[in-house]
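Here's a quick briefing on how one protein model packs together. Have a look at the fold first, then go through the points below.

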Amino acid sequence: MYNSIYDTLIIGKKVIYLPSCHSTNDIAAELVRSGVSMEGAVVITDDQTKGRGQRGTTWVTQPRMNLTMSVILTPTFLPIQEQFLISQAMALGISSYLSNYSDKVKIKWPNDIYLGDKKICGTLIENNIQGSRLASSVVGMGININQTEFSNPRATSLAKESGQDFFLPDEFYQLIHHLDAWYLKLKSIKNNQEIRQAYLDNLFGYKQLCLFRYQNEVLSGTVTGITDFGKLCVKFENQPEIKELDLKEVEWIWD
C-alpha cells in the first residue's frame with residue numbers, strides 16, 4: 001500500500017494506489033481528461049498487465065516486485081520546443097534516487113536508466129499540447145527493485161545488483177522526493193541550463209566511442225550532445241558532420 005506524501009511540494013501529495021491495472025499511464029491520462037487530477041498526483045500499481053514502453057514495446061514486470069507508476073504534471077510554463085526538459089528532469093530524478101545504491105547509474109537517451117550496461121528503469125512520457133504550450137505530461141516509469149529473474153539478459157534490479165530485498169513503500173517515498181526536487185528545479189526556469197548539463201554529465205556514451213546501427217549500417221560514433229528538441233547528436237567516424245538523430249533513426253549496438 002502506498003500513501004500520499006505530505007513533505008514534498010508538488011509530486012506525491014496525492015497518491016492513487018491500484019492493486020492491479022492495465023496501464024498507469026492510461027489511467028493517469030484519463031484522470032487528466034476528466035479534469036479531476038491535480039499536478040503531482042501519482043498513480044501506482046502492484047500489478048500492471050499492459051504496460052507500454054518506447055517504440056511501441058511492452059513493459060513487463062512481475063507483480064508486487066517493482067515500482068510501476070505514473071506522475072501527472074502540468075508544465076504550462078514550458079514552451080513546446082523545450083518539452084524535452086521534462087524528460088531530462090525526470091531522468092535526473094530517477095538516476096539521483098538510484099545513485100543512493102550504485103555508482104554505475106547512467107541515463108540512456110532519451111530517458112531510460114541503466115546500471116552499467118543493464119537496464120533498471122524504463123520511462124514513457126506522453127505530453128498533451130494545447131496551442132503553443134504544454135497542457136499536461138504523464139510520466140510513466142517502471143523501476144526494477146526486487147525482481148531478480150528477467151527474460152531480457154540486459155535487465156537488472158536493485159535486488160539483483162545488491163543481493164538484498166527492499167521495502168517498496170520506503171523506496172517509493174525516497175524516489176518521490178528526488179523527482180519532486182528535480183521538478184522544482186525545472187519550474188525555476190533559471191535552472192534549465194543546470195538540468196541540461198547534469199543530463200549530459202550522466203548520459204551514457206557521452207564523449208565515448210560507441211557502436212550504433214544507423215541507416216542499416218553498424219558504425220562507430222561518439223555522442224557529442226543533445227539538442228534542445230531532444231535529438232541525439234552523434235559524430236560517426238569517417239563522416240564530417242554531426243548527425244542530429246530521432247529515437248527511430250538510431251539504435252545502440254551492445255555486443
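**Helix packing**

The crossing of α2 and α5 is left-handed, meaning that the near helix is turned anticlockwise from the far one by less than a right angle. Keep in mind that this is a predicted model, where local features need pLDDT of at least 70, side-chain atom pairs count only at pLDDT 80 or more, and totals for chains, interfaces and linings use all residues. Residues are numbered from 1 along each chain as its sequence is written, and side-chain values use heavy atoms, with hydrogens and water left out.

- On the α2 side (residues 84-98), the contact (heavy atoms within 4.5 Å) is made by Phe84, Leu85, Gln88, Ala89, Ala91 and Leu92, and on the α5 side by Asn192, Ile195, Arg196, Ala198 and Tyr199.
- Helix α2 packs against α5 (residues 192-201) at about 60 degrees, with the axes 10 Å apart.

**Met38**

- Met38 sits in the loop between α1 (24-34) and β2 (42-45).
- With 36% relative accessibility, Met38 counts as partly exposed.
- Beyond its neighbours within four places in sequence, Met38 is in contact with Lys13, Lys14 and Ile72.

Conventions. Axes are lines fitted to C-alpha atoms, for helices over the stretch in contact, and angles run from 0 to 180 degrees between N-to-C directions. Helices (H or I, at least four residues) and strands (E, at least two) are DSSP runs, numbered from the N terminus. Buried means under 20% relative accessible area, exposed over 50%, partly exposed in between (1.4 Å probe, protein chains only).
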